[in-house]
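Here is a short briefing to read alongside the model. Have the viewer ready, and follow the topics in any order you like.

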Amino acid sequence: MKIGGQHFRTIWLHPTNERVVQLIDQRFLPHRFVVEEVSTVEQMADAIRQMHVRGAGLIGASAGYGMYLAAIEAAKTNSFDQHLASAAARLKATRPTAVNLAWAIERQLTGMAKAKTAREKIELALRTAREIAAEDEENCRMIGQHGLNLIEEIARAKNGKPVNILTHCNAGWLAFVDYGSALAPVYAAHDRGLPVHVWVDETRPRSQGSKLTAWELGQHGVSHTIIADGAGGHLMQRGAVDLVLVGSDRTTRAGDVANKIGTYLKALAAKDNKVPFYVALPSSSFDWAIRDGSEIPIEERGAEEVKRADGWRNGRMWEVSLAPESSPAVNYGFDVTPRRLVTGLITERGVCKADEEGILELFPEHAS
């Protein structure tokens, strides 16, 4: 996607030093565009944990590059495998809900195990990190094309009136290497010339909707309006939402979906108001080992995120207190939407029902 007319991915190798990974530090958006340079696995772990990068696909790509940096470090030690295993454990501990994280790390470990020398392992890790990023980009592009068909169908029924789409959190290109998941169909529709409008949930407590989704939609020229998190049901009751599109950090093989906290409430409102509720995700976000959403680990973040907020004033970020300091708070990062509330899943291979039979029709290699 483009920023000020220039194309960017969310993560890439330094153009003159392949041992440095560059990424967009999303903590400063939408007020400042900052590129961070990462050269150690510990720096990458911090970037993932502290949400310099976030979103299922980008977490996976970052972990892939993190393991490449770990291989470079391991070559300087007396125990390559021990250092690599320690780095893998450190990276896995950063964000427990997003399955792409462990998926990318295991892919790197499996690949490097086939190489003999440290140099071969580093070269293989670099190639694998690049492949993970490239696959994420292409899968998201295809999600956009398959989801476009759904938007086109609604647009035809509305006879040229704008298609109103509600989304939650940020599942655009900032959450992946490029294109995004839930927003990929929106961008494809906009680029096709279809009139679309996006209702953007603010997504407390970190405000990824109002900070990130609104920013990238604006960069692309897509009509949008920021709303309070609790306004979605009201808009659906008024007939102002034609389609709900969200992403996923982990989806079970039977179709239960873990996504940013608050997604479940949107799904309930959509069901009550007969609004289609679709989840867009690449296959790397499926957890093929579990069927029931109750098995998905739910990340709990620091209470300070709920009790405080940050904003931009006089050229710098400021943090303010929102709640009594003595009041306790809890900060669940995700919730689980059961498959019965999901109209369908949009993947790189097509659209399917949110059940095991429908998913395995698209991904038969995971049937056993």
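The notes below go from the overall fold to charges, salt bridges and a few backbone details.

This is a predicted model, in which local features need pLDDT of at least 70, side-chain atom pairs count only at pLDDT 80 or more, and totals for chains, interfaces and linings use all residues. Residues are numbered from 1 along each chain as its sequence is written, and side-chain values use heavy atoms, with hydrogens and water left out.

**Overall fold**

- The protein chain holds 11 helices and 18 strands; these are DSSP runs numbered from the N terminus, with helices (H or I) of at least four residues and strands (E) of at least two.
- A compact globule of 368 residues would have a radius of gyration near 21 Å, and the 20 Å of the protein chain agrees with that. The radius is taken over C-alpha atoms, and the globule rule is 2.2 Å times the number of residues to the power 0.38.
- Along its principal axes, the C-alpha trace spans about 65 × 55 × 45 Å.
- Of the contacts in the protein chain with a separation of 6 or more, 73% are between residues 24 or more positions apart; contact means heavy atoms within 4.5 Å.

**Surface and charge**

- Buried residues make up 56% of the 368 in the protein chain. Buried means under 20% relative accessible area, exposed means over 50%, and partly exposed is in between (1.4 Å probe, protein chains only).
- The accessible surface comes to about 15600 Å², and carbon and sulfur atoms own 49% of that. The areas come from the Shrake-Rupley method with a 1.4 Å probe; for residues, only the protein chains shown count as cover.
- The chain carries 43 positive and 45 negative charges, whose mean positions are 2 Å apart. Lys and Arg count as positive and Asp and Glu as negative, while His and the chain ends are not counted. Each charge is placed at NZ of Lys, CZ of Arg, CG of Asp or CD of Glu.

**Salt bridges**

- Side chains of opposite charge can pair when their charged atoms come close. The rule used here asks for a side-chain nitrogen of Lys or Arg within 4 Å of a carboxyl oxygen of Asp or Glu, and the count by this rule is 25 salt bridges.
- Glutamate 42 and arginine 90 form one of these, at 2.7 Å from N to O. Glutamate 42 is in helix H1 (residues 41-49) and arginine 90 in helix H3 (residues 80-92), so the pair ties together parts 48 residues apart in sequence. Glutamate 42 is partly exposed at 34% relative accessibility, and arginine 90 is partly exposed at 27%.
- Glutamate 123 pairs with arginine 119, the closest N and O atoms being 3.4 Å apart. Both lie in helix H5 (residues 118-157), 4 residues apart, about one turn of the helix. Glutamate 123 is partly exposed at 43%, whereas arginine 119 is exposed at 64%.
- Glutamate 356 and arginine 291 meet in a salt bridge of 2.9 Å, N to O. This pair links distant parts of the chain, 65 residues apart: glutamate 356 is in helix H11 (residues 356-362), and arginine 291 is in the loop between strand S13 (286-287) and helix H10 (304-307).
- Salt bridges that share partners join Arg95, Arg206, Glu299, Arg301 and Glu305 into one network.

**Around aspartate 229**

- Aspartate 229 sits in the loop between strand S8 (223-227) and helix H8 (232-237), and is buried at 19% relative accessible area.
- Beyond its neighbours within four places in sequence, aspartate 229 is in contact with His168, Asp201, Glu202, Thr203, Arg204 and Lys266.
- Threonine 203 is 26 residues from aspartate 229 in sequence, with 5.9 Å between their C-alpha atoms.

**Backbone details**

- Most residues other than glycine have a negative phi, and most peptide bonds are trans.
- Leucine 29 and proline 30 are joined by a cis peptide bond with omega about 5°.
- The bond from arginine 204 to proline 205 is also cis, with omega near 10°.
- Cysteine 169 has a positive phi near 65° and is buried at 9% relative accessible area.
- Lysine 274 has a positive phi of about 55° and is exposed at 75%.
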